[in-house]
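Thanks for passing this one along. Here are a few notes to read with the model open beside you.

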Amino acid sequence: MTARFRATPYLFLLPAVALIGVFVVYPIVAVFYYSFTDYDIVRPPVWIGLDNFRKLLGDGTFWLALTHSFVYLLVTPTIIALSVCLAIVVNRKLRGIHIFRALYFVPAVSGSIAIGLAWRWLFDRNGIINGVLQTLGIIHTPIQWLAEPGLVLPIAMLLTIWAGIGYYSVIFLAGLQNIPEELYDAARIDGCSDFQKHWHVSLPGLRPQIVFVAVISSLAALKVFDEIFVLTARTGGILDSGVTMVFYLWKQAFTLQHAGYAAAIAIVLLAITLAFSIVNVRLLERREADR
Amino acid sequence: MTRPLSERGGAGEAAGAVGAVATAAVLEPVAILTGAQLRRRRRRRELAANAGWYVVLTFFAAITVFPFLWMLLTSLKGSADPIASVPPQLIPGHPTLANYQRVLDSLPILKFFQNSIVVAIAVTGLNVLVSAMAAYPLAKMRFRGREATFYLLLATLIVPTQLTYIPSFILAVNVFHYYDTLPAVILPSLASAFNIFLMRQAFRAIPNDLIDAARVDGAGEWRVWWQILLPIVRPSLAAVAIFTFVTSWNDFLWPSLMLHDRTQMTLPVGLAALQGFFSSDFRSIAAGVTMTVIPILLFFIVVQRYFVRGLAGAVKG
């Protein structure tokens with residue numbers, strides 16, 4: 001009887017642990033191994049030591065991808081600022097506010113490929129942005145937005161921000177609703193303006209949500225792929241202008257069949273992500289200590 | 001004198017209301033205001049006072065909705081309606097469903113739908129079950145290795161999924177032999193550390209006394225879990241299920257690596273194929289996008305409440 005009781009927790013855990021073991025833990029171990037090999041998926045891997053990593057150091061596209069991924073992180077503070085503002089606006093008890101809240105959420109559920117395609121056509125040579133700018137007389141010939149090397153990344157980032165605001169503002173809205181009303185009353189009595197009220201009460205009150213969103217949106221930014229894939233029609237953009245870490249990983253592994261080399265990129269991505277998470281946790285702890 | 005009182009609320013509110021009736025009666029001595037009229041009046045005043053907020057809200061909404069609206073309108077454009085013109089034409093002059101017909105004729109969109117539904121339902125059902133199972137001992141049982149298991153699961157949350165794709169691809173081709181079939185997309189999504197984490201939070205909120213009482217009554221752990229705990233955490237189950245469904249429905253990268261045969265594609269993969277197929281035929285692409293967005297939007301409208309509640313609850317954990 002006791003023996004059976006002891007087995008029970010492990011039986012409950014078994015399916016999840018087995019699945020995560022096969023599809024997460026094993027691949028992480030394997031990707032480490034592959035990163036030290038020359039591997040094209042078809043023939044068996046050949047051990048080459050650190051050659052892949054040495055090659056990475058001299059690979060201009062890799063450095064470009066790394067830079068792009070770091071630039072992409074600028075999405076995080078922008079998203080936080082805008083979605084906190086939006087949350088403050090939709091926190092007002094206005095008639096029909098639920099309809100607005102639902103509307104803002106639409107991009108988050110529509111799927112990255114669908115919204116990516118919509119945006120790709122917004123910025124097409126024949127797209128509506130050119131149409132509007134021409135009508136206003138701001139430009140005279142249509143611009144090939146997504147064929148401009150300097151614009152691919154900013155447009156992708158804009159897309160990520162646009163799609164994310166509604167989603168993240170729901171998190172901030174929940175945070176705002178947990179802040180006791182008395183704090184706002186006290187601020188009002190102290191003569192705070194509307195802006196000061198939010199600066200001194202809402203922002204500190206939203207700290208847990210801000211940390212949470214900072215973590216998940218920066219991890220998402222480091223992993224961006226779908227947006228680039230659709231906006232550049234799976235090319236990565238002219239002169240690799242839109243190539244990010246994951247895009248380069250995908251290109252090396254699944255279009256060029258350089259699985260070993262791609263595994264090395266994956267290891268670098270993992271290292272960056274870990275470093276990032278550690279920094280995030282440290283910041284979180286320091287803030288807790290400040291209290 | 002009534003004014004500052006009414007602003008404070010409470011008893012003052014009633015006084016203010018009386019005052020309002022009195023003023024109204026003085027201004028319009030002919031009409032005696034009914035409750036409904038008064039309410040309508042207050043609503044109008046409220047709308048006017050908040051007009052600025054509505055302008056802001058509408059502006060954000062317009063930016064959010066415009067790309068979708070533009071897709072919908074373009075998908076209805078006839079061949080005589082220009083795609084690019086100065087000034088741009090928004091409303092189709094010759095509305096037609098021909099673009100939809102063309103998309104349906106050239107790509108098996110309905111098959112994509114069917115595949116997406118099969119994948120999303122299988123992933124959601126099984127993932128929720130597996131996560132709820134794993135979460136119970138992690139929340140409510142004492143056993144060797146509990147902490148280690150929990151932290152190992154948490155650690156996998158940090159790892160970007162994409163870096164598992166190379167070995168997973170090789171597994172799919174060499175070991176499981178399910179390349180280009182739906183199980184290739186379903187199986188790797190059946191367990192999620194994040195969902196286990198959320199369900200663990202839900203189970204932890206249940207008082208131990210309840211579980212102990214059931215155990216004393218002779219219920220085994222499986223019965224306790226299935227008949228007592230699961231019904232209690234139903235709201236969390238719903239939130240986790242909806243999230244998993246939407247994530248699975250929109251998942252692109254892994255399915256695009258696994259599914260190449262047109263009869264096996266899910267919607268996002270098919271949509272990317274559509275972009276390649278119609279390349280510069282914007283009307284057809286718009287029709288394809290509209291067809292894939294509308295069902296998930298309808299789903300979202302139905303389950304909206306749970307979605308928001310789940311997202312809000314995730315942070316507290």
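1. Is B:Gly78 buried or exposed? This is a predicted model, and in it B:Gly78 has a relative accessibility of 5%. The cut-off for a buried residue is under 20%, so B:Gly78 counts as buried.

2. Have a look at the surroundings of B:Gly78. This glycine sits in the loop that runs between helix H4 (51-75) and H5 of chain B. Setting aside neighbours within four places in sequence, B:Gly78 is in contact with B:His94, B:Thr96 and B:Arg283.

3. In helix H5 (residues 98-106) of chain B, the buried residues are B:Asn99, B:Tyr100 and B:Val103. They lie on the same side of H5(B), because they cover an arc of only 100° around the axis.

4. Helix H6 (residues 112-122) of chain A is mostly covered, with 11 of its 11 residues buried. Among them are A:Ser112, A:Gly116, A:Arg120 and the tryptophans A:Trp119 and A:Trp121.

5. For chain B as a whole, there are 16 helices and zero strands. Of its 317 residues, 47% count as buried. If you count the contacts in chain B with a separation of 6 or more, 70% come from residues 24 or more positions apart.

6. Now to where the two chains meet. In contact with each other are 87 residues of chain A and 89 residues of chain B. Together the chains bury about 8,000 Å², and 81% of that is on carbon and sulfur atoms. Three residues, A:Phe12, A:Phe23 and A:Trp121, supply 11% of the area that chain A buries against chain B, which is more than any other three residues.

7. What about specific polar links? Zero salt bridges are found by the rule across the interface of chain A and chain B, and seven residue pairs are in polar contact, counting pairs with both residues at pLDDT 80 or more. On the side of chain A that touches chain B, helix H1 (residues 2-34) gives the most, with 21 residues. Sorted by class, that side of chain A has 69 nonpolar, 12 polar and six charged residues.

Terms used
Residues are numbered from 1 along each chain as its sequence is written. Chains are lettered from A and ligands numbered from 1 in the order in which they are written. This is a predicted model: local features need pLDDT of at least 70, side-chain atom pairs count only at pLDDT 80 or more; totals for chains, interfaces and linings use all residues. Side-chain values use heavy atoms; hydrogens and water are left out. Contact means heavy atoms within 4.5 Å. Buried area is the accessible area (1.4 Å probe) that two parts lose on being put together, summed over both. A salt bridge is a side-chain nitrogen of Lys or Arg within 4 Å of a carboxyl oxygen of Asp or Glu. A polar contact is a pair of N or O atoms within 3.5 Å; within protein, one must be able to donate a hydrogen and the other to accept it, and residues adjacent in sequence count only if both atoms are side-chain atoms. Helices (H or I, at least four residues) and strands (E, at least two) are DSSP runs, numbered from the N terminus. Ala, Val, Leu, Ile, Met, Phe, Trp, Tyr, Cys and Pro count as nonpolar, Asp, Glu, Lys and Arg as charged, and the others, Gly among them, as polar. Buried means under 20% relative accessible area, exposed over 50%, partly exposed in between (1.4 Å probe, protein chains only). The arc is that of the directions from the helix axis to the C-beta atoms.
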